[in-house]
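Hello,

Here is the structure we spoke about.

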Amino acid sequence: MPRNIPANITVRCLGPEDSRDPCFMIRRKVFIEEQGVPEEEEMDGLDDQADQYLLYVNGAPAATARIRYPDPERGKIERVAVLPRYRNLGVGEKLVIRLMADISTRNTVKEIILAAQTSVVGFYEKLGFTAFGEEFLDAGIPHLWMSRKL
């Protein structure tokens, strides 16, 4: 079934002067309200250590994610969230492709990792990620670790 991919999509890596409020609004709606993740788990205190990304559709915030670097050889994609009305339109794919591109610009990074909810493992597999390890619960939701070599 063909998707109606929005024509006007932009992705920004937020600078220190930019408000993170739209990112937090999307994460609150998706993770806390929709999926029932406790607020103290979602707002984990690590946002200041991360590069925050915001995807806009026709100028409106539609999706968000963050990248952290747990060590010089790994970039970690976290908190990927797409508002319900923008799902299955290709915006999540555009966001993750941008994240991968930005991570790959760091000379020392050899691998991208993420913890994927099991319901979206196929989405990440299509983008070149491979699951590893045992399924685990994060905020009561089943996850798998995934990685992609650069």
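This is a predicted model: local features need pLDDT of at least 70, side-chain atom pairs count only at pLDDT 80 or more; totals for chains, interfaces and linings use all residues.

Residues are numbered from 1 along each chain as its sequence is written, and side-chain values use heavy atoms, with hydrogens and water left out.

Seven strands form an open sheet with mixed pairing, in the order β1-β2-β3-β4-β5-β7-β6. The edge strands, each pairing on one side only, are β1 (9-13) and β6 (130-138). On average, neighbouring strands of this sheet are turned by 25° against each other, direction ignored. Helices (H or I, at least four residues) and strands (E, at least two) are DSSP runs numbered from the N terminus, and two strands pair if DSSP finds at least two bridges between them. Axes are lines fitted to C-alpha atoms, for helices over the stretch in contact, with angles from 0 to 180 degrees between N-to-C directions.

β6 pairs with β7 (residues 141-149) in the antiparallel sense, over six bridges. T130 has S147 in β7 as its bridge partner.

Helix α3 (residues 91-104) packs on the sheet and touches β1, β2 (51-57), β3 (60-71), β4 (74-82), β5 (111-117) and β7; contact means heavy atoms within 4.5 Å. The direction of α3 makes about 160° with that of β4.

Two residues other than glycine have a positive phi: R79, at about 55°, and A139, near 55°. R79 lies in strand β4, whereas A139 is in the loop between β6 and β7. A139 counts as partly exposed because its relative accessibility is 23% (buried is under 20% relative accessible area, exposed over 50%, partly exposed in between; 1.4 Å probe, protein chains only).

Regards
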